[in-house]
Number of protein chains: 2
Amino acid sequence: MSLIVVGTMAFDALETPFGKVDKIIGGSATYVAWSASNFCNNIKQVSIVGGDFPQKEMDALAKRGVAFEGVEVVKDGKSFFWSGRYHMDMNTRDTLVTDLNVLAQFNPQLPDAYQDCEFLMLGNLVPAVQKSVINQLKKRPKLIVMDTMNFWMESALDELKEVIGMVDVLLVNDSEARQLSGEFSIVKAAAKIQAMGPKFLIIKKGEHGALLFHNNQVFYAPALPLEDVFDPTGAGDTFAGGFIGHLAKTKDISYSNMKTAIIVGSAMASFCVEKFGPSRLQEITMEDITDRINEFVELVNFDINLV
Amino acid sequence: MSLIVVGTMAFDALETPFGKVDKIIGGSATYVAWSASNFCNNIKQVSIVGGDFPQKEMDALAKRGVAFEGVEVVKDGKSFFWSGRYHMDMNTRDTLVTDLNVLAQFNPQLPDAYQDCEFLMLGNLVPAVQKSVINQLKKRPKLIVMDTMNFWMESALDELKEVIGMVDVLLVNDSEARQLSGEFSIVKAAAKIQAMGPKFLIIKKGEHGALLFHNNQVFYAPALPLEDVFDPTGAGDTFAGGFIGHLAKTKDISYSNMKTAIIVGSAMASFCVEKFGPSRLQEITMEDITDRINEFVELVNFDINLV
């Protein structure tokens, strides 16, 4: 039940209506690893950082079963840095700064110990890097999950479509699904995207939940209504981590188990937004997670008794 | 299990990205009655129309158990007319024309035969009229459900709040809930609105479903993802009709049965949007409705098996 996680490990500076932080730990692979390591203790990280990235952050994840052999450390380089400001609705944000730094030279070489992994999570990255990782695996994983974003649809569409054709599960948000398919209707968009290759498509809708499409089936997972969304940074990656973490733990990639995995991912994301950065993920226990998942069960539970 | 429905019976002219109609039957009470009459055959309509309103439209509803004694016909007057244009996302629309016509003189007098009704549905109307109907009932109904809209929050807030304090269930959409409460967080907005009086609050989110709040409990009903939303006019009223129709049929106003009623309302609304005006509601059978409700069961059904 080993899981490869490919993505960024980085610094973020954030402004939300609730506060501001100058430089905290971030990056898609960071959030995925914190989330997935609740369910799976054999995670193999693939990323690149500068000499400025704190060793103690990697040590904290290593204690949870995350391997860093595949993380390149460029001693005299600086880690990827992103800065953004969220609007009141927390669904829209402005990017203030994007400093690629060492990410500009990211060309991961998979260590031998990473071969034979059963699950592969491709965090949001340039499609060429995602493709390179898939191609370096001698044996195709049992399941490949891919996250991406609108930026690549605008700047590298052909390469993006090629990678989409190689994966089992694609994660996008609703506006990205519309952009990728050219269809306004989410149902039509889902059909077109499935025709590009992925047998499973997850469309994330933030506070409105997420949809899972598979053939002609659809599953609607709600988001837990929260009193405050403090900082949405990393919520999508945390969702992905909970999703693939549950699948890697159970080794069951059926549609039915993917529905459960989406609830697990939604529960993890609902923790992530409660504090700045990954800090909330670093303090929760399995008991907290189980309680939160039970709240989801209560949230959607109804009896059909039409008399 | 009699149900009073108060609202408009009107003409609409509509433009959507899929087409245009010049003058079709509309009005909140029309949609509520078409929807609720699938579940309850003792409906007492309260409205006002001009001499131009087709008798055959009332005859069609009368066959389904809808009484029109409380509908004032102003022979030399014209019925309320609304014209609007929907944008591509179908969630936003421009009002092109609002001709109040006979609605400007609407001052309903409840017939004696309408007393002792157990359920009261107050469709979106000037709050003074909604209040007048409540006050005319000698015995308070078992359940009063009220719909309203942002227009009254801007033009008659004090009177609106007074009526809100008199009802059991309030229906608003998410932006209206924020406007009414002054809170951006939906959870905080729901708490503030419940403190105004209604023990139950339903927040409608269009294609993102609906939330039911009751004390500290919350239920999330999804909307069925649809291939095409042809015309959203009346979807909220149709939802309300299915909701109160199911409650009137079952005579059970528990939180648990309200969750079921929301699923019934959501299923009815999903039919409404498939064609212009109420035409789709006029052709569906109970079998269609049951099939659609079962689709909702499939949509949200998942197993929690965390192994």
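## Helix packing and the A–B pairing

In H8(A), the residues A:Ala235, A:Thr238, A:Phe239, A:Ala240, A:Gly241, A:Gly242, A:Phe243, A:His246, A:Leu247 and A:Thr250 meet A:Asn257, A:Thr260, A:Ala261, A:Ile262, A:Val264, A:Gly265, A:Ser266, A:Ala267, A:Met268, A:Ala269 and A:Cys272 of H9(A). Two residues are in contact here if their C-beta atoms, placed from the backbone, lie within 7 Å. Helices (H or I, at least four residues) and strands (E, at least two) are DSSP runs, numbered from the N terminus.

This is a predicted model, so to speak: local features need pLDDT of at least 70 and side-chain atom pairs count only at pLDDT 80 or more, while totals for chains, interfaces and linings use all residues. Residues are numbered from 1 along each chain as its sequence is written, and chains are lettered from A and ligands numbered from 1 in the order in which they are written.

**H8 against H9 in chain A**

- The H8(A)–H9(A) contact splits into 12 nonpolar, 9 polar and no charged residues; Ala, Val, Leu, Ile, Met, Phe, Trp, Tyr, Cys and Pro count as nonpolar, Asp, Glu, Lys and Arg as charged, and the others, Gly among them, as polar.
- The two helices, H8(A) and H9(A), pack at about 140°, with their axes 7 Å apart; axes are lines fitted to C-alpha atoms, for helices over the stretch in contact, and angles run from 0 to 180 degrees between N-to-C directions.
- That angle makes H8(A) oblique to H9(A) (under 35 degrees is roughly parallel, over 145 roughly antiparallel, 65 to 115 roughly perpendicular, and the rest oblique).
- H8(A) passes H9(A) in a right-handed crossing; a crossing is left-handed if the near helix is turned anticlockwise from the far one by less than a right angle, and right-handed if clockwise.

- Leaving out residues up to four places away in sequence, A:Thr238 touches A:Tyr31, A:Ser35, A:Met268, A:Ala269, A:Cys272 and A:Leu281.
- A:Tyr31 and A:Ser35 are among the buried residues of H1(A).
- In helix H1 (residues 28–36) of chain A, 9 of the 9 residues are buried, so the helix is largely enclosed by the rest of the structure.

**How chains A and B pair up**

- On the A–B interface, 32 residues of chain A contact 32 of chain B.
- Helix H7 (186–195), strand S13 (217–221), helix H8 (235–250), helix H9 (255–272) and helix H10 (286–300) of chain A each put at least two residues into the side touching chain B.
- That side of chain A has 19 nonpolar, 6 polar and 7 charged residues.

**Over in chain B**

- Helix H3 (residues 127–136) and helix H5 (residues 157–164) of chain B pack at about 30°, with their axes 9 Å apart, which makes H3(B) roughly parallel to H5(B).
- B:Leu100 is in the loop between strand S7 (93–99) and strand S8 (119–122) of chain B and counts as partly exposed, with 15 C-beta neighbours inside 10 Å.

Key:
Buried ≥ 20, exposed ≤ 12 C-beta atoms within 10 Å, placed from the backbone.
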